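Please read this briefing alongside the sequence and the coordinates.

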Amino acid sequence: MEAPTAPEAIREPAVLQLRNRAIDSGRQVLRASIFFLILFLFVRTFALEPFGVPTGSMASTFLGNHREVDCPRCGYPVVIGEPSQRERSSLTESRCPNCGQQHLNFSTARELPGDRLLVDKNVFNVRSPRRWEVAVFRCPVDDSKPYVKRVVGLPGESIQLRGGDVYASGVLQRKTLAECRGCWVPLFDQAYSPPGGWGSRWLVEPLGDMLDEAKPATIEILHDGGIYLDATAEGSTGLGLTHRHWNLDTEQDEPFTDWLAYNGRLRVPPHSVHDFAVTFD
């Protein structure tokens with residue numbers, strides 16, 4: 001066998017060095033992967049665990065598997081829970097919660113996955129659950145099924161629901177502003193306006209000793225998704241603005257109700273509600 005030439009003799013150690021570096025790099029990647037896998041399993045078992053929300057029992061705080069379309073009249077994004085086989089009519093019988101547009105078609109909208117939660121598994125080892133906070137627990141009859149719900153009753157209490165209000169052992173349970181924000185359901189968004197405007201949903205009247213007849217707000221006041229109310233003119237005594245839950249199709253006032261658009265078609269008559277809030281930018 002002939003001895004390798006000088007260039008080949010130099011190249012062979014270089015090739016071996018490159019191979020050793022590649023092997024070392026592979027070992028480092030493998031060690032790092034095993035470390036992160038062990039860390040992930042440890043954190044998931046003893047600290048934090050991700051959960052998916054498949055159903056809509058906590059809507060609109062958390063969405064389960066759902067479909068979404070934009071209302072053809074006002075453009076508001078309408079979301080409904082993925083219906084079961086017995087409720088397929090919801091795909092064509094739902095309506096917009098903002099403008100009341102009937103018979104929105106969700107049949108061609110693709111199904112979207114539900115929200116994902118990252119649950120702290122140790123918080124209740126430090127303290128007890130608090131009213132109005134969201135908690136995840138195992139089903140008492142099937143330990144393999146986790147449930148996510150909002151805490152309403154605490155140990156030793158008897159709970160009543162009256163007109164949408166929660167009473168614990170006969171005492172009305174009020175929410176803080178932050179707790180209210182976690183439970184709000186949108187009823188109307190001025191930013192999504194139909195082409196013909198909101199009609200008599202907004203009434204304008206001058207404020208003075210004698211109130212004149214209120215008139216529907218004109219395009220000078222309602223435009224570009226906002227409300228522009230100017231009462232600075234000379235001699236003006238101010239302007240008042242009244243909101244009515246006006247049905248654009250029947251042209252009648254309607255009460256605010258507890259109907260949730262996420263549930264799809266209206267199955268039972270909704271109840272009127274007396275708690276609502278207004279927010280402005």
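The points below are grouped by topic, beginning with the overall picture.

This is a predicted model, and the protein chain contains four helices and 16 strands. The mean pLDDT of the protein chain is 83, with 85% of its residues reaching 70 or more. Buried residues account for 25% of the 281 residues in the chain.

**Confidence and overall build**

- Confidence in the protein chain is lowest in helix 1, where the mean is 69, and highest in strand 9, at 96.
- Where pLDDT is low, the predicted coordinates should not be read in detail.
- Of the contacts in the protein chain with a separation of 6 or more, 53% are between residues 24 or more positions apart.

- Leu 30, Ile 34 and Ile 38 together make a nonpolar surface patch of about 290 Å².
- Ile 38 is placed in helix 1, which covers residues 6-46, and it is exposed, at a relative accessible area of 52%.
- Ile 38 counts as exposed because its 52% lies above the cut-off, which is over 50%.

- Three strands form an open sheet in the order 7-8-9, and their pairing is antiparallel.
- Strand 7 (159-162) and strand 9 (171-172) stand at the edges with a single partner strand each, so one side of each has no neighbour in the sheet.
- Strand 7 and strand 8 (residues 165-168) run antiparallel and are joined by four bridges, and Arg 162 has Asp 165 in strand 8 as its bridge partner.

**The hairpin of strands 2 and 3**

- Strand 2 and strand 3 pair in the antiparallel sense over five bridges, with Asp 70 standing opposite Pro 77 in strand 3.
- Six residues lie between the strands of this hairpin, and Gly 75 takes a positive phi near 85° there.
- Strand 3 is mostly covered, in that four of its five residues are buried.

**Leu 118 and its contacts**

- Leu 118 lies in strand 4, residues 116-120, and is exposed, with a relative accessible area of 60%.
- When its neighbours within four places in sequence are left aside, Leu 118 is in contact with Leu 48, Glu 49 and Pro 50.
- Leu 118 and Leu 48 are 70 residues apart in sequence, while their C-alpha atoms are 6.4 Å apart in space.

**His 245 and its surroundings**

- His 245 is placed in the loop between strand 14 (239-243) and strand 15 (246-247), and at 14% relative accessibility it counts as buried.
- Not counting residues up to four places away in sequence, His 245 touches Leu 187, Arg 201, Gln 252, Asp 253, Glu 254, Pro 255 and Phe 256.

**Salt bridges**

- The structure holds six salt bridges, and one of them is formed by Glu 49 with Lys 121, whose closest N and O atoms are 2.9 Å apart.
- Glu 49 lies in strand 1 (residues 48-52) and Lys 121 in the loop between strand 4 and helix 3 (123-126), so this pair ties together parts that are 72 residues apart in sequence.
- Glu 49 is buried, with a relative accessible area of 10%, whereas Lys 121 is partly exposed, at 35%.
- Arg 73 forms a salt bridge with Asp 249, in which the closest N and O atoms are 3.0 Å apart.
- Because Arg 73 lies in the loop between strand 2 (66-70) and strand 3 (77-81), and Asp 249 in the loop between strand 15 and strand 16 (252-253), the pair ties together parts that are 176 residues apart in sequence.
- Asp 249 is partly exposed, with a relative accessible area of 45%.
- Arg 127 forms a salt bridge with Glu 133, with 3.1 Å between the closest N and O atoms; Arg 127 is partly exposed, at a relative accessible area of 25%, and Glu 133 is buried, at 19%.

Terms used. Residues numbered from 1 in each chain as written. Predicted model: local features only at pLDDT ≥ 70, side-chain atom pairs only at ≥ 80, totals over all residues. Heavy atoms only, no water. Patch = residues over 30% accessible without salt bridge, like charges linked within 9 Å, V, L, I, M, F, W, Y side chains within 5 Å. Areas by Shrake-Rupley, 256 points an atom, 1.4 Å probe, with all protein chains shown as cover. Salt bridge = Lys/Arg side-chain N within 4 Å of Asp/Glu carboxyl O. Helix = DSSP H or I, 4+ residues; strand = E, 2+ residues; numbered from the N terminus. Buried < 20%, exposed > 50% of the residue type's maximum accessible area, 1.4 Å probe, protein only. Pairing = 2+ DSSP bridges. Contact = heavy atoms within 4.5 Å. pLDDT = per-residue confidence, 0-100.
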